[in-house]
Amino acid sequence: MEEGKSIGSLTEQVLNRLSKMLDNSICGWRQLANAVSEQPRFRCSESELTCCSLQVLSAAGSPGRTVLARLADRSCSLDFLLHCLRKIDHHEAVHYLTYTEAELIQITLQPQNQQATVGGRVVLTCRASGPPGLSYQWFRGKEEILDETGSTAELVLCPSALVHQGPYICRVHHRENVVFSQWAHVRFVQSAGCSSTLFPGSVSGLHVIIQPKSKSVSEGDTMLLECSAEANPPAQYQWFHNMEPLTQHKTRSLKIPCVTTAQRGQYKCKMFNLYHEAWSDTATVTIGPSSITEASWVEVDRGRGSPQEVHRSTYGAGSHPLQQIVNAPPPAKLFSATDKVALLIGNMNYHYHTQLCAPIADVHELTNLLRQMDFKVVSLLDLNWQEMHSAVTEFLLLLDKGVYGLLYFAGHGYENFGNSFMVPIDAPASYTSEHCLCVQNVLTRMQEKETGLNVLLLDMCRKRNLNDDIIVQPGLLKVTANIVFGYATCVDAEAYEVKREDVSNGIFISFLKRRVCEDEKVTVMLDRVGEDMGRCQITQGRQALELRSNLSERRSLTDQIQDSECSASHSARNLQWVVAHVLPKSRCLEFDCGVKVQLGFAAEFSNIMVIYTRILEKPKEIVSCCAHLTDFPDDVAIDLKKSNQETLLEAGSLLLINDNLPSPEVPSLYTRIRCLQRLKRELTFAVCLQYTYSNMDEEIQERQTVSVGKPLVSKLNLHEPRTPSTSSASSSFSLDSFDVPEVSFFTSVGSASNDWSYQAQTASTTPASSRSANVPEETDCHELFDAPQPLVASKSLPHTQINDTNFKFSDMYNFHSH
């Protein structure tokens, strides 16, 4: 009864139809789960049944579909499924499945892995049974093979070439029914002299005839870079941005319409054929202000090196603004910082208040921009009252004389009697100042450190809190002439965020991210942000940036760090910051069955970590296996429905993997761990390996418990109370108690230790990339497996998405106030 076709051979359409029939409480998935338990290997545990029932919490979830998927994973046959459906008297499902089975397609001969020599003949075969008139389509990776051999059951590669190397799959279909074969990999082995006759004249080499040129373009413009090479065989092209491959650009021309600041940086082109390889010169692309909004505005610095603010004026028809900028001498850099540190807090998931969407993207993007300017950034999401107090105390420990300190907060807030209050996620419904943090108190403590610049950016509402009639008396502020307040909105007004399908941004950050990296006095930069917001139709009369400052010097966020004395306090700050951003080391687990599993770690924020698992090796007799993470401590927050996902996006992470997914031989599963600041003990979890042998139907499980210490900000124990103090003794941890690796400030979170890239083969000919966005730390070993494509952090909203044409204020649907 269990012989024949498997449930896995059913099409997605059939499975979805069956799922709808089973999603009921009278004669549905629970009754089916009980019926299939007559065979022990199909029995569902209580936890599995609970997992199935939780699917109803999702709009697209289906308990019946989950049960069918589990049966398919355990190789349940269609005959046995029909037997169980008859057993529970589900006549509708029996009739539908019986009728559909006659139209099913089943692969009878799978394509096999091939090893060949260049110039030889490679044949991949896939055969299937089913209704008459089956059609075949062959793919190499994601590219369909369109020649005449790509539409038959046999794919012939003759003569074979190195470009034919890679994974192949066959798609068999008849009308709406589709089945895919297993992957077959074609690899070439060395054969002396076999390639010399393929292309006469190949010894002529590869000659670069056009090099890409450095250029400066404006936001919203089209960027075009070109390179070209003479070669035999003809050259192929691959463009790189800051040494990360641009997978969609494989022609001699790189054309990017509507550029944003995300496209600034260094570009190179790799030109290659079967025998030769060459790299183009480096082209540096700078991105200026939008050519639309800034066409009639230009800066005139009245007095070189003057500490006065830069004024604005417009040019008449008799002078060209671009020529004026080119001829003007650059202003002298008079100021520097002894260090630059920033604390970024984004509160979204409030317990008793409206949930927000934008802080995750706002903090993520501002973190990356500040790191480009050498800021040490601590970025935290969803902090309660105690955690916010502790985070501010730890932030103050990083400050010292001459240090630039920046505090950014995105979330709910209010302003009473001239004092601003940041609302934690656990604030009660009728909160008062005792439930919140007073920004002016934080500023007073910052001044005690004799900082060189204090910047406070508050992306929150400033409405009056009618529940709070207490007048807070913060400490007296000193006359330091180095304070800058950037409010996202005016007094007694609200701040808004733009609701989007993928990622939301606050109005303030949407404009700030265009300007924050400009080499200008902080007040000038924020002034421009305010002007940009004022020119946007959707913000007029609703939200306007307010700038308060007593800054008397021309200090900029881009000022260089100069600390020639290398004081003990500077070293302590560096060490303390590094300790709070150390990730666990990548490790390899070996199971009794011979399977090797790799664990890797990436930091999305200072209190959010992504763990991925990969199968590195498995014995040939094991036909399928996967490694899931489970049994996490209750201290941290994990969305079980988004754990062990195949992509970072499905796991809920802003760290997006690029289109070049790793080879199907080494798939990855990602789990996102939030609220690491609440971890009271070492992070311990279990790796559950599930595998099946070729001669057995029953799935086997092995488990290993893994402890990775206290990663990232969890070492600071922010859940513990602090006593406000300016001394380093107030820190919640001892620096001597940690084994801190010798790394630069940006190693753990700000850049990649990436041995997982095809670039490794040409590392000696390519310069190292500069600071980048959050990239997973990877310490993989090349000998474990062939290197797949690298991970790329690339989630950034284009600046042009906020403009008058995309949004209207006819209603407030798209905007949610903080």
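How many aromatic pairs does the count come to? The count comes to 8 aromatic pairs, where rings of Phe, Tyr and Trp (its six-membered ring) pair if their centres lie within 6.5 Å.

## Before you start

Welcome to this predicted model, in which local features need pLDDT of at least 70 and side-chain atom pairs count only at pLDDT 80 or more, while totals for chains, interfaces and linings use all residues. Residues are numbered from 1 along each chain as its sequence is written, and side-chain values use heavy atoms, with hydrogens and water left out.

## Aromatic rings

Let us look at one of the aromatic pairs. The rings of Phe240 and Trp279 have centres 5.0 Å apart and planes at 45 degrees, so this pair is tilted; planes under 30 degrees apart count as stacked, over 60 as edge-to-face and the rest as tilted. Phe240 lies in strand β15 (residues 236-241) and Trp279 in strand β19 (residues 277-279), so the pair ties together parts that are 39 residues apart in sequence. Strands (E, at least two residues) and helices (H or I, at least four) are DSSP runs, numbered from the N terminus.

Are these two residues buried or exposed? Phe240 counts as buried at 6% relative accessibility, and Trp279 counts as buried at 15%. Here buried means under 20% relative accessible area, exposed means over 50%, and partly exposed lies in between (1.4 Å probe, protein chains only).

## Charges over rings

Some rings have an arginine over the face. Arg17 lies over the face of Tyr96, at 4.7 Å from the ring centre, and Arg462 lies over the face of Tyr487, at 3.6 Å from the ring centre. A charge sits over a ring if NZ of Lys or CZ of Arg is within 6 Å of the ring centre and within 35 degrees of the ring normal.

Strands of a sheet pair through backbone hydrogen bonds, either parallel or antiparallel. Two strands pair if DSSP finds at least two bridges between them, and β27 (residues 419-422) pairs with β28 over 2 bridges.

## Another three-stranded sheet

The order β37-β39-β40 describes an open sheet of 3 strands with antiparallel pairing. At its edges stand β37 (622-630) and β40 (700-707), each with a single partner strand, so one side of each has no neighbour in the sheet. From one strand to the next, the twist averages 20 degrees; axes are lines fitted to C-alpha atoms, for helices over the stretch in contact, and angles run from 0 to 180 degrees between N-to-C directions.

Strands β39 and β40 pair in the antiparallel sense over 8 bridges. Phe685 has Val706 as its bridge partner in β40.

## The loop between β16 and β17

His249 is found in the loop between β16 (244-245) and β17 (253-256). Which residues does His249 contact, leaving aside its neighbours within four places in sequence? They are Tyr237, Gln238, Trp239, Leu254, Lys255 and Ile256, where contact means heavy atoms within 4.5 Å. The C-alpha atoms of His249 and Trp239 are separated by 6.1 Å, and the two residues are 10 residues apart along the chain.

## Salt bridges

The count comes to 23 salt bridges, each being a side-chain nitrogen of Lys or Arg within 4 Å of a carboxyl oxygen of Asp or Glu. One of them joins Glu226 and Arg252, with the closest N and O atoms 3.8 Å apart. Glu226 lies in strand β13 (residues 223-226) and Arg252 in the loop between β16 and β17, so the pair ties together parts that are 26 residues apart in sequence. Glu226 is partly exposed at 34%, and Arg252 is partly exposed at 31%.

Arg678 and Glu387 also meet in a salt bridge (2.8 Å, N to O). This pair links distant parts of the chain, 291 residues apart: Arg678 is in the loop between β38 (668-673) and β39 (684-693), and Glu387 is in helix α9 (residues 385-397). Arg678 is partly exposed, with a relative accessible area of 22%, whereas Glu387 is buried, at 1%.
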